[in-house]
2 protein chains.
Amino acid sequence: MKIYLAGPDVFLPDAVEIGKRKAAICAGHGARGLYPLDNAIDLTAGDASLTIFKGNEAMMDAADAVIANLTPFRGPSADAGTVYELGYMAGRGKFCLAYSNDPAVYVERVRRFGAVTKSADVWTDKDGLTVEDFGLPDNLMMIHALDLHGAKLVAPRQAPADIWHDLTSFEACVVLAAGRAVGKTS
Amino acid sequence: MKIYLAGPDVFLPDAVEIGKRKAAICAGHGARGLYPLDNAIDLTAGDASLTIFKGNEAMMDAADAVIANLTPFRGPSADAGTVYELGYMAGRGKFCLAYSNDPAVYVERVRRFGAVTKSADVWTDKDGLTVEDFGLPDNLMMIHALDLHGAKLVAPRQAPADIWHDLTSFEACVVLAAGRAVGKTS
């Protein structure tokens, strides 16, 4: 089973190293992890970003599954690029898995960035925009996409000390993917 | 042509009204806009969020195209649910269009939420995470998905006074969609 490793991990200072750790965990469960930074890109080229896109899309097309890191990134929600990729993989009918190292529900996440208020049973943020309140950790589209196109979001009971480097929930996703691969061939 | 109307517009205080305005613009160009809030949902039901998901996915499957509102939402990037939907539509091979009422490049958007610093030609944010710097307004996955699966992101030269209610760039997307529909049948 080939698993596309989506996540803002590529923006970490040790982005290459974390990709290697994820690939090693995949290998330990008989799967192959495909990590965006495995594509060799000349970042000084004028069309570098387009080359990255094409490389990532080709990797996704080649993969059987995606494990998306939906840990909140620069706001209450997951990284936009990662979410795009989860949507793309769902649209392509691939097996969709994801984890978040932050188990907080969405209203609590939004509250970190400014007051939220409740009126007539509806939460709104500081800009007067409605805050989804279904007891889910992020926008319902991603959470239920996992329920219907893969497996339920994996999240720890409590956020680990290092939300960007703790791979416990990631490994739980790999186990789910590997189990499905076994199921398919049996 | 049926166009799925994706966007955080559903979180505006006048969410129903803006959907009607968007649908009217579509109708004015011979297209039919499908807006998430057109699905009748009992928000008090225990499975309301799953019902919303299923309704939105059915609408996307029925649509020929998507117009996503990628105006930044609760952070430097677009709304996560909208981005998921754009990815899903790209994965399904639908015609992908989007607009942003904020034309600022991504580094500038991130700067609004905290200092960004440049070292060895790489921008990092206040948490030490790399900031994409390709002169694009948002994560390259969405921007180039539009380039390759539809049409270039539509954005004004300057943000309009009311970024949530100005539909000039939205209408430009409708024109692009309608033009393609004409092209397909001629």
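Q: How many residues does the contact take from chain B and how many from chain A?
A: This is a predicted model, so treat the count as a computed one. Two residues count here if their C-beta atoms lie within 7 Å. On that basis, chain B gives 41 residues and chain A gives 41 residues.

Q: Which element gives the most to the side of chain B that touches chain A?
A: Start with the elements of chain B that supply two or more residues there: α2 (48–62), α3 (80–91) and α5 (140–149). The top contributor puts in 11 residues, and that's α3(B).

Q: Which are the edge strands of the open sheet in chain B?
A: The four strands pair in parallel, in the order β2-β1-β3-β4. From one strand to the next, the twist averages 25 degrees. An edge strand pairs on one side only, which picks out β2 (32–34) and β4 (95–99) of chain B.

Q: Is Phe134(A) buried or partly exposed?
A: Phe134(A) sits in the loop between β6 (122–124) and α5 (140–149) of chain A. Among the residues it touches are Ala48(B) and Ser49(B). Buried would take 20 or more other C-beta atoms within 10 Å. Phe134(A) has 18, so it is partly exposed.

Terms used: Residues numbered from 1 in each chain as written. Chains lettered and ligands numbered in written order. Predicted model: local features only at pLDDT ≥ 70, side-chain atom pairs only at ≥ 80, totals over all residues. Pairing = 2+ DSSP bridges. Axes fitted to C-alpha atoms, helices over the stretch in contact; angles between N-to-C directions. Buried ≥ 20, exposed ≤ 12 C-beta atoms within 10 Å, placed from the backbone. Lists of a residue's contacts leave out its neighbours within four places in sequence.
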